Amino acid sequence: MRQIYFPEGIRLQEKENLNAVSSLDNLRLAQKHGTILEGLAIACTAEHDLVVELPCGRAIIPRAECARGISEGTTRDIAILSRVGRPVSFQVTDIQTEPITLSRRAAQEKVMAWALDTLQPGDILPARVTHLEPFGVFVDIGCGVPSFIGIEHLSVSRIFHPSERFTVGQSIYAAVLCVDAERERIALTHRELLGTWEENAALFHPYETVPGVVRSVEDYGIFVELTPNLSGLAESKPNIKNGDRVSVYIKSILPTRMKIKLNIIDLLRDQPPFQPPLQYYITEGRLHEWVYSPTSCMNKHIATVFQ
């Protein structure tokens with residue numbers, strides 16, 4: 001799969017885009033070829049038209065052209081208001097009158113047609129986080145076209161809220177989980193790109209002391225996240241709660257049982273909030289199957305089959 005559409009903002013400062021919006025002649029050429037460009041939305045009028053600042057003059061995206069679904073009422077106007085101060089993708093529709101008229105909806109229609117026709121389960125693509133909900137993350141997969149990653153698909157290590165893993169505006173990678181052509185929806189998953197148990201466990205060694213984040217406090221022990229796709233179990237300790245940053249001593253790493261045994265050394269509440277960085281092990285191509293569990297582990301099997 002060749003990626004031809006990208007989340008808004010990625011191409012704003014690219015030379016090709018800057019050149020295309022630099023003059024009316026170049027905009028005419030972009031209009032003729034149906035080129036998707038980017039500009040900065042500097043305001044939203046009382047009529048909910050977006051005002052876009054271009055080097056060759058100001059332009060307007062009429063309300064109905066600001067996003068797919070506005071005219072039909074399936075997209076709320078907050079999708080327009082929230083673009084102020086941010087990049088927007090568009091196609092040029094009219095440069096004969098002032099102001100220049102653009103359409104973000106037309107660009108999004110192109111992306112959706114491409115996605116429904118091209119994307120298959122397992123395809124990996126770049127995305128940008130647009131907003132967080134308790135149940136998952138909404139992302140832009142191209143020109144502001146939204147897609148969704150459920151919280152259960154964010155990482156192997158479970159979290160209580162996506163804000164523990166992502167921030168709005170963050171660029172990430174995701175894999176297509178399913179394509180619903182009838183409802184025009186693309187569902188994504190993320191955890192499969194963050195490495196298997198063995199790949200993550202290879203970053204650590206017994207008898208090391210490393211930082212971690214408490215993800216679950218149980219009667220039988222405390223689960224501590226070492227990376228987004230790797231947690232270990234520490235012995236119970238008083239005054240520890242979910243979300244605490246701690247330092248842990250690695251007692252043992254057991255691939256055959258897919259377990260890491262830990263001891264909590266210290267509580268780090270006096271330290272700034274800690275968010276383990278995302279390390280991607282794959283960022284392109286197509287996954288057919290992803291097996292998280294070590295081959296030597298016989299009692300537990302975690303895998304995703306893309307179909």
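**Entry 1**

I started with β1 and strand β2 (residues 50-54), which pair in the antiparallel sense over four bridges. Pairing here asks for at least two DSSP bridges between the two strands. Strands are DSSP runs of E with at least two residues, helices are runs of H or I with at least four, and both are numbered from the N terminus. I am working on a predicted model, where local features need pLDDT of at least 70, side-chain atom pairs count only at pLDDT 80 or more, and totals for chains, interfaces and linings use all residues. Residues are numbered from 1 along each chain as its sequence is written, and side-chain values use heavy atoms, with hydrogens and water left out.

I picked alanine 41 and found that its bridge partner in β2 is valine 52. The β1-β2 hairpin has five residues between the strands, and histidine 48 in this hairpin takes a positive phi near 65°.

On to the other pairing of β1 that I looked up. Strand β1 (residues 37-44) also runs antiparallel to strand β4 (residues 87-94), again over four bridges. Leucine 37 has phenylalanine 90 as its bridge partner in β4.

**Entry 1: the barrel**

Which strands make up the closed barrel, and in what order? I traced five strands running β6-β7-β8-β10-β9, with mixed pairing. From one strand to the next the twist averages 50°. For that angle, axes are lines fitted to C-alpha atoms (for helices, over the stretch in contact), and angles run from 0 to 180 degrees between N-to-C directions.

I then checked one pair in detail. Strand β6 (residues 124-133) and strand β7 (residues 136-140) run antiparallel and are joined by five bridges. Glutamate 133 has glycine 136 as its bridge partner in β7.

I looked at both pairings. β11 and β12 run antiparallel with five bridges, and they form a hairpin with two residues between them. β12 and β13 also run antiparallel with five bridges, and this hairpin too has two residues between its strands.

Glutamate 225 turns up in both. Valine 213 stands opposite glutamate 225 in β12, and glutamate 225 stands opposite serine 231 in β13.

**Entry 2: nonpolar cores**

Which residues of the largest nonpolar core touch the most other members? That core has 29 residues, and I get Val224 and Leu226. A core here is a set of buried Ala, Val, Leu, Ile, Met, Phe, Trp, Tyr and Cys residues joined through side-chain atoms within 4.5 Å. At least two residues of this core come from each of α5 (197-201), β11, β12, β13 (230-234), β14 (245-254) and β15 (259-267). β14 gives the largest share, four residues.

I listed what valine 224 is in contact with (heavy atoms within 4.5 Å). Leaving aside neighbours within four places in sequence, the partners of valine 224 are Gly212, Val213, Val214, Leu230, Ser231, Gly232, Ala234, Val246, Val248 and Leu262.

Apart from this core lies another one, of 25 residues, among them Trp114, Ala115, Val139 and Ile186.

**Entry 3: salt bridges**

How many salt bridges are there? I get 19, with a side-chain nitrogen of Lys or Arg within 4 Å of a carboxyl oxygen of Asp or Glu as the rule.

First pair on my list: glutamate 8 and arginine 104, with the closest N and O atoms 2.8 Å apart.

Next I went back to glutamate 225, which forms a salt bridge with arginine 215, closest N and O atoms 2.7 Å apart. Glutamate 225 sits in strand β12 (residues 221-227) and arginine 215 in strand β11 (residues 209-218), 10 residues apart. Buried or exposed? Glutamate 225 has 0% relative accessibility, so it counts as buried. Arginine 215, at 7%, counts as buried too.

I also noted arginine 191 and glutamate 192, whose side chains meet in a salt bridge at 3.5 Å, N to O. Arginine 191 and glutamate 192 are both buried.

Last item: a network of salt bridges links Glu65, Arg68, Arg105, Glu109 and Glu184.

How values were computed. Buried < 20%, exposed > 50% of the residue type's maximum accessible area, 1.4 Å probe, protein only.
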